[in-house]
Amino acid sequence: MTASPLPVLFISHGAPLFAIEAGSTGPALTRWGEGLQQLGKGLRGVVIMSPHWMARAPAVMSNPAPATWHDFGGFPAELYELQYPAAGSPALAAEVLGLLKDAGMAAGSDPERPLDHGAWVPLMHLFPQANVPVVQLALPVDAGPAQVLAMGRALASLRSRGVLLVGSGSMTHNLREFFGGAREPAPYVLEFSRWVEAAIARGDKTAMLDYRRQAPHAQRAHPSEDHFLPLFFALGAAGWGDEEAVQADYLSREVMYGILAMDSFALA
C-alpha cells in the first residue's frame, strides 16, 4: 500500500515517430518517471488505456510477457527495431477485471495481447528501463466520454495500491493535416488545447462531456474521438469532477509538426 494515492497521467503520444523524435515531451516524461520512482512509493505496475486497442467491451491484457507491436507502416526502419520488453502482470490484470466487474462493467481478459504503440511509445520515455510491469486496457468501441470517465473511476482505488493509471491519447489528432517537419502550431490546435486546460482547471464536467459542441474546433482537432477519450479515463481515475478539487500539473504543452498537441500532465 502507498502512503498516499499515486497521481494519474494523461500522455499525448502523438505519432509513432515520437519514439525517436522525442522533442521536449519525451525528456519531460523521463524526468517525471525518474522522480516518481525516486520517491519510493512502491510502484507495482502501470495500467494504461490506448486508443490503438479498441474492443466491443472492456478488455484487459493478461499477457505475462507482452510483445512490442509495431502496429504502423511507412516509417523509418529504425522505428521497427525498437523493443520495449516490460513484463505484464496477470495478477494486476485480475485486479483490474475485478474492479470493472464490481462497477457493473462486463469485462474479459486477453492473454495474448501485445503492447501497441499507444502504450509502448510513451512508456519507453516514461520508464526507459522497462522495469515496471504493464497491463493494457482496451477502449470500448461504442464508449463515449461519460462511459470512459466511469471506467477510470472504477479503477481509482488502484492508485492507493501502487498502480500508476495512464490515459494515452493525443490532445489533438487530425492526421489528415500531418505533413511532417517543423511548423508553427496551427491556431486551432492552441485554441482547442487551452480550452481543455481551462475546463479541467475549473472542474467543468458538463463542458468537457459536451466538448464536441462546446470546445472550439473540436471536430477539426478530433475528426474521430478515439484519441481524446483516454483523457476521460485519466480524469475519472483522478476523481475529477467530483467534490474534491483536482490539479493538473503540466509536463508538456509542446506542439509537434504544427498540428499534434503533445499536452501531457499529472492529475493529483
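Predicted model: local features only at pLDDT ≥ 70, side-chain atom pairs only at ≥ 80, totals over all residues.
**Stop 1: helix H1**

Select residues 25-38, which make up helix H1. At 1.5 Å a residue, its 14 residues should span 20 Å. The end C-alpha atoms are 20 Å apart, so the helix agrees with that expectation. Now colour the buried residues of H1: Thr-25, Gly-26, Ala-28, Leu-29, Thr-30, Trp-32, Gly-33 and Leu-36. What covers these buried residues? The cover includes strands E1 (8-12), E6 (163-169), E7 (248-252) and E10 (264-267), along with helix H4 (117-126).

**Stop 2: aromatic rings**

The structure has nine aromatic pairs. Show Phe-72 and Phe-75, an edge-to-face pair with 5.6 Å centre to centre and 85° between the planes. Phe-75, at 24%, counts as partly exposed.

Move to Tyr-211 and Phe-228. Their ring centres are 4.4 Å apart and their planes meet at 45°, so this pair is tilted. Tyr-211 sits in helix H8 (residues 211-214), while Phe-228 is in the loop between helix H9 (218-221) and helix H10 (229-237). The pair therefore ties together parts 17 residues apart in sequence. Both Tyr-211 and Phe-228 are buried.

**Stop 3: salt bridges**

Nine salt bridges are found in the whole structure. Start with Asp-116 and Arg-113, whose side chains meet at 2.8 Å, N to O. Asp-116 counts as buried, at 0% relative accessibility. Arg-113 is buried too, at 9%.

Next, select Arg-220 and Glu-177. Their closest N and O atoms are 2.9 Å apart, in a salt bridge. This pair links distant parts of the chain: Arg-220 is in helix H9, and Glu-177 is in the loop between E6 and helix H6 (187-201), 43 residues apart. Arg-220 is partly exposed, with a relative accessible area of 42%. Glu-177 is buried, at 19%.

**Stop 4: around Arg-253**

Finish at Arg-253. Which residue forms a salt bridge with Arg-253? Glu-197 does, with the closest N and O atoms 2.7 Å apart. Glu-197 lies in helix H6 and Arg-253 in the loop between E7 and strand E8 (255-256), 56 residues apart. Arg-253 is partly exposed, at 45% relative accessibility. Show Arg-194 and Asp-263 as well: together with Glu-197 and Arg-253 they are linked in a network of salt bridges. Last, turn to Tyr-250. Arg-253 lies over the face of Tyr-250, 4.3 Å from the ring centre.

Definitions and conventions: Residues numbered from 1 in each chain as written. Heavy atoms only, no water. Phe/Tyr/Trp six-rings, centres within 6.5 Å; stacked < 30°, edge-to-face > 60°. Buried < 20%, exposed > 50% of the residue type's maximum accessible area, 1.4 Å probe, protein only. Helix = DSSP H or I, 4+ residues; strand = E, 2+ residues; numbered from the N terminus. Lys NZ or Arg CZ within 6 Å of the ring centre and 35° of its normal. Expected span 1.5 Å × (residues − 1). Contact = heavy atoms within 4.5 Å. Salt bridge = Lys/Arg side-chain N within 4 Å of Asp/Glu carboxyl O.
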